[in-house]
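Thanks for making time this morning.

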Amino acid sequence: MNEFFREVDEEFRRDRAMAFWKRWGGVFVAVAVLVVAGVGGWRYWEYIETQRAHEASAQLFDAQQMINAGNRDSGIAMLEELADGERGGFPLLARFRIAAALGEQSASRGAEAFDDLSSDTSVPMSMRDLATLRAAMLRLDTDPAAAAAALEELAVPNNAYRHSAREALGLAALRRGNYDEAGRWFDELAADPDTPSGLRGRLEIYSALVAAGPVETM
């Protein structure tokens with residue numbers, strides 16, 4: 001009798017399973033197909049993005065090689081093509097390379113290109129500050145007042161580029177013969193616990209120059 005009831009129960013379960021599958025089987029198959037297609041599409045998108053990144057990296061490298069070899073115009077043209085694309089961070093990196101290449105030809109043109117980057121609100125703030133620093137460095141000889149004003153904005157506590165800005169301001173003051181101002185900037189560097197060790201090594205030389213004062217000629 002127990003065997004009879006067990007067989008009836010199993011037959012009932014099979015009937016219920018068949019009914020359930022007839023009703024919902026198509027849905028399960030469709031969902032499975034969508035999942036497989038979605039995973040395959042995602043993998044294909046990842047592959048395409050990886051290939052694009054490799055191509056952009058190679059293009060960036062080739063452009064820099066052209067510039068280094070003296071074929072500056074062709075290299076800049078290749079960088080401009082990359083800067084107009086949408087390949088992750090490569091367009092922004094290309095814009096920085098273009099500004100640097102222009103700065104090697106003309107300090108004013110390079111500074112203007114970095115100005116465009118520093119004023120572009122779509123660029124992350126840290127990179128905008130870097131562009132401000134690069135533009136100021138290019139203007140130290142041609143427009144020292146503007147360069148100093150820009151560097152002082154970066155020389156504030158907690159700015160990531162304060163060390164480079166303070167060093168540049170100190171060196172600019174030394175070149176003008178303003179030893180008191182130079183000493184002030186170098187003292188700020190010495191007092192900052194986060195000043196890089198390499199820069200601290202240079203500070204010894206800077207401090208010695210400030211202490212020696214102007215060289216008197218006979």
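Let me begin with a term: a residue is called buried when its relative accessible area is under 20%, exposed when it is over 50%, and partly exposed in between, using a 1.4 Å probe and protein chains only. What you see is a predicted model, in which local features need pLDDT of at least 70 and side-chain atom pairs count only at pLDDT 80 or more, while totals for chains, interfaces and linings use all residues. Residues are numbered from 1 along each chain as its sequence is written, and side-chain values use heavy atoms, with hydrogens and water left out.

The protein chain has 9 helices and 0 strands, where helices (H or I, at least four residues) and strands (E, at least two) are DSSP runs numbered from the N terminus. Of its 218 residues, 32% are buried.

Buried in H2 are Arg72, Gly75, Ile76, Leu79, Leu82 and Ala83. These residues cover an arc of only 115° around the axis, which puts them on the same side of H2, the arc being that of the directions from the helix axis to the C-beta atoms. Asp73 and Glu81, on the other side of H2, are exposed.

Finally, Asn158 lies in the loop between helix H6 (144–154) and helix H7 (162–176), and its phi is near 80°, a positive value in a residue other than glycine. Is Asn158 buried or exposed? Its relative accessibility is 74%, so Asn158 counts as exposed.
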